[in-house]
Amino acid sequence: MSELRFDGRVVIVTGAGGGLGKQYALFFSKRGASVVVNDLGGSTTGDGTSTKAADVVVEEIQKAGGKAVANYNSVEDGDKIIETAMKAFGRVDIVINNAGILRDKSFTRMTDADWDLIQAVHVRGSYKVTRAAWPIFQKQKYGRIINTASAAGIYGNFGQANYSAAKLGLFSFGETLAREGAKYNIHANTIAPIAASRMTETVMPPDMLESLKPEFVAPLVGYLCHENTEETGSLFEVGAGFVAKLRWERSKGAIFKTDETFTPGAIGAKWEQVVDFTNPDYPTGPSDADFVGLLEQAKQLKENPKGDDLRLDGKVA
Ligand code: NAI
């Protein structure tokens with residue numbers, strides 16, 4: 001089988017000075033691409049800056065005979081990162097939105113600054129880089145975008161309300177980009193990786209970290225970004241040699257007549273049906289629900305069941 005190559009392609013990897021981003025940069029450069037190694041060079045919590053992180057990776061790529069250039073801007077100045085690519089290589093084909101930081105705090109202790117900084121780096125940063133690349137992608141009728149979500153975004157995680165909100169937001173960002181980019185051959189996918197890095201080394205035992213090399217995430221990123229790959233708008237969990245796609249699942253649900261008998265108690269009486277996943281749907285768009293058909297079925301009902309209505313007296317709504 002021949003190797004998937006990226007000759008002539010220009011790849012921007014944000015936060016490529018270490019961890020996962022570094023592995024993506026090495027991966028693409030080994031397969032023929034020119035790489036913009038972006039990294040602000042700060043700490044895991046987003047403090048400080050340094051040119052060293054990006055420089056070390058660029059040096060490693062160049063020593064191995066690859067093509068790479070450093071960029072030290074924050075992803076919040078995404079247009080400057082695209083500028084670096086255009087100046088150095090004259091094009092942009094692939095954007096890997098990978099840069100990220102943490103400001104973990106229980107929600108009780110979370111400050112506006114903890115919230116805002118996480119949204120700024122992850123959501124606004126991915127937006128700014130992608131927004132600057134978008135017209136180039138449209139013009140050349142080719143573009144590949146990877147956004148980075150997280151298990152914390154999909155499932156929630158104690159102490160990460162700010163980070164979870166940002167991370168799942170990036171998936172819906174990608175879902176919409178996939179729709180808007182389809183006619184221009186712009187694909188956008190999102191990954192929820194798990195890998196040993198400075199971000200996770202303090203929260204995972206050493207033997208586990210050994211099996212979670214960041215190198216094990218790069219092949220999926222490479223596959224999704226290849227010109228022959230059709231997949232778009234999707235979300236994948238990836239790490240330790242495991243690759244799986246996630247999708248939405250909707251219970252069959254319950255139908256109610258929309259008259260005065262449609263009360264919280266009536267919903268409570270059919271709650272088992274509302275949450276029953278034995279025969280689910282897998283919706284892929286807002287128009288997947290047959291609202292006209294559901295309305296017809298509702299009309300056929302005589303009345304809703306009379307469940308106990310919950311009383312909210314004395315509670316502030
Ligand atoms: P890392 O801390 O090793 O790498 C992140 C890089 O982003 C750092 O080199 C940092 O300097 C850079 N960076 C931070 N803010 C930046 C900014 N404003 N502009 C430019 N660069 C900036 O962490 P890791 O683990 O490699 O994380 C990569 C991505 O994967 C992040 O988005 C993270 O949230 C995500 N992720 C990682 C998981 C893991 O298990 N390692 C789990 C789930 C998500």
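## Model and overall figures

The predicted model has an ipTM of 0.99 and a pTM of 0.96. The average pLDDT of the protein is 95, and 100% of the residues score at least 70. Where pLDDT is low, predicted coordinates should not be read in detail.

The protein has 317 residues, and 38% of them count as buried. Its secondary structure consists of 11 helices and 8 strands. Along the principal axes, the C-alpha atoms occupy a box of roughly 75 × 45 × 35 Å. Among contacts with a separation of 6 or more, 69% link residues 24 or more positions apart.

## Helices H4 and H6

Two packed helices are described by the angle between their axes and the distance between the axes. For helix H4, residues 112-140, and helix H6, residues 161-181, the angle is about 20° and the axes are 9 Å apart. Angles under 35 degrees count as roughly parallel, and H4 and H6 are therefore roughly parallel to each other. The crossing in which H4 passes H6 is right-handed.

On the H4 side, the contact involves Asp 114, Trp 115, Ile 118, Gln 119, His 122, Val 123, Ser 126 and Thr 130. On the H6 side, the residues are Asn 162, Tyr 163, Ala 166, Lys 167, Gly 169, Leu 170, Phe 173 and Leu 177. Sorted by class, this contact of H4 with H6 holds 8 nonpolar, 6 polar and 2 charged residues.

## Helices H1 and H8

Helix H1 covers residues 19-30 and helix H8 covers residues 218-225; their axes come within 9 Å and cross at roughly 55°. That angle makes H1 oblique to H8. The crossing of H1 and H8 is right-handed.

H1 contributes Gln 23, Tyr 24 and Phe 27 to the contact, and H8 contributes Ala 218, Val 221 and Gly 222. By class, the contact of H1 with H8 comprises 4 nonpolar and 2 polar residues, with no charged residues.

## Gly 153 in helix H5

Gly 153 belongs to helix H5, which spans residues 151-155. A residue is buried if 20 or more other C-beta atoms lie within 10 Å of its own. Gly 153 has 23 C-beta neighbours inside 10 Å and therefore counts as buried.

Leaving aside residues up to four places away in sequence, Gly 153 touches Ser 164, Lys 167, Leu 168, Phe 171 and Ala 192. Lys 167 is also one of the H6 residues that meet H4. Gly 153 and Leu 301 are 148 residues apart along the chain, and their C-alpha atoms are separated by 39 Å.

Most residues other than glycine have a negative phi. Lys 141 is not a glycine, yet its phi is positive, at about 50°. Lys 141 sits in the loop between H4 and strand S5, residues 143-148. With 10 other C-beta atoms within 10 Å, Lys 141 is exposed.

Ala 240 also has a positive phi, near 55°, and is a residue other than glycine. Its place is the loop between strand S7, residues 235-239, and strand S8, residues 242-246. Ala 240 has 15 C-beta neighbours inside 10 Å, so it counts as partly exposed.

Arg 5 is located in the segment before strand S1, residues 10-13. There are 14 other C-beta atoms within 10 Å of Arg 5, so this residue is partly exposed. Apart from residues up to four places away in sequence, Arg 5 touches Arg 31 and Gly 32. Arg 5 and His 226 are 221 residues apart along the chain, with their C-alpha atoms separated by 7.7 Å.

Val 203 is in the loop between strand S6, residues 186-193, and helix H7, residues 206-211. Val 203 is exposed, because it has 9 other C-beta atoms within 10 Å. From C-alpha to C-alpha, Val 203 and Gly 15 are 21 Å apart in space, and 188 residues apart in sequence.

Key
Residues are numbered from 1 along each chain as its sequence is written. This is a predicted model: local features need pLDDT of at least 70, side-chain atom pairs count only at pLDDT 80 or more; totals for chains, interfaces and linings use all residues. Axes are lines fitted to C-alpha atoms, for helices over the stretch in contact, and angles run from 0 to 180 degrees between N-to-C directions. Helices (H or I, at least four residues) and strands (E, at least two) are DSSP runs, numbered from the N terminus. Angles under 35 degrees count as roughly parallel, over 145 as roughly antiparallel, 65 to 115 as roughly perpendicular and the rest as oblique. A crossing is left-handed if the near helix is turned anticlockwise from the far one by less than a right angle, and right-handed if clockwise. Two residues are in contact if their C-beta atoms, placed from the backbone, lie within 7 Å. Ala, Val, Leu, Ile, Met, Phe, Trp, Tyr, Cys and Pro count as nonpolar, Asp, Glu, Lys and Arg as charged, and the others, Gly among them, as polar. pLDDT is the predictor's confidence in each residue, from 0 to 100. A residue is buried if 20 or more other C-beta atoms lie within 10 Å of its own, exposed if 12 or fewer, and partly exposed in between; C-beta atoms are placed from the backbone.
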